[in-house]
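Good morning, colleagues, and thank you for coming.

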Amino acid sequence: MEWLDEADVVLPGAEGAVALRSVDPLTPLHRVPAPARTDPVAVLLTAAEQLGTASRVCGLAVQHARTREQFGQPIGAFQAVKQLCAQSLVRVEVARAAVYAAAVTGDPVDIAAARLLADEAAGRGARDCLQVHGGMGFTWESEVHLHLKRAWVRARRGGGGTESEELLAADLVGGAV
């Protein structure tokens, strides 16, 4: 597919980027040397992307739970499925509040907290959505597995959660940021 070659472009200024093979042919990947410290704006944008994924997979899980029937009733009528969907929604709304607050304040500690909450909401939300979909979620006909893989990749981007965890820990003990 020639259009994939055109899409596989590294942004200017990303010297030293090495192309990686991806299971998802629609998402070209490159390993870029990490800077000494990740830009807070990049961390906030990653958190916003993760929030979008979390919101989408929550909606997909609820939609599937309403329409898929088993034993003569929608699977959303079963307590275990209800709990997965409800917990996913709670994670999305907590992450949404944190990302919005971090965008307003611009404080690096708020951004780090938003990033961790959004990573959790996207990763766990996609896994729960996959659980609700069952085996269908692993097929190419469903977008669920793509959201899960992308959430995993973004969670590792820009130092991943480790840098955010260290920043929050330093703030808790009164260390310099």
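Predicted model: local features only at pLDDT ≥ 70, side-chain atom pairs only at ≥ 80, totals over all residues.

Let me begin with Val132. Leaving aside residues up to four places away in sequence, Val132 touches Ala61, His64, Ala65, Ile75, Val81, Leu84 and Cys85.

Where does Val132 lie? Its place is in helix H4, residues 108–133. With a relative accessibility of 8%, Val132 counts as buried.

Which residues of H3 are buried? They are Val81, Leu84, Cys85, Ser88, Arg91, Val92, Ala95, Ala98, Val99 and Ala102. As for their packing, the buried residues of H3 lie against helix H2, residues 40–67, and against H4. Just after H3, Gly106 adopts a positive phi of about 75 degrees.

Cys85 brings me to the cysteines. How many disulfides does the structure hold? The number is 0. Cys58 is in no disulfide, and the nearest cysteine sulfur to it, that of Cys85, is 6.7 Å away. Cys129 is likewise in no disulfide; here the nearest cysteine sulfur is again that of Cys85, at 8.1 Å. A disulfide requires the two sulfur atoms to be within 2.5 Å. Cys58 counts as buried because its relative accessibility is 7%, and Cys129 is buried at 0%.

Finally, helix H6, residues 160–172. This helix has 13 residues and reaches 19 Å from its first C-alpha to its last, close to the 18 Å expected at 1.5 Å a residue. Its buried residues are Gly160, Gly161, Ser164 and Leu167. They cover an arc of only 145 degrees around the axis, and therefore sit on the same side of H6. In an α-helix there are 3.6 residues a turn, so residues three or four places apart point the same way. What covers the buried residues of H6? The cover includes H2, H4 and helix H5, residues 144–156. Just after H6, Gly174 takes a positive phi of about 85 degrees.

Definitions and conventions
Residues numbered from 1 in each chain as written. Heavy atoms only, no water. Buried < 20%, exposed > 50% of the residue type's maximum accessible area, 1.4 Å probe, protein only. Helix = DSSP H or I, 4+ residues; strand = E, 2+ residues; numbered from the N terminus. Contact = heavy atoms within 4.5 Å. Expected span 1.5 Å × (residues − 1). Arc of directions from axis to C-beta.
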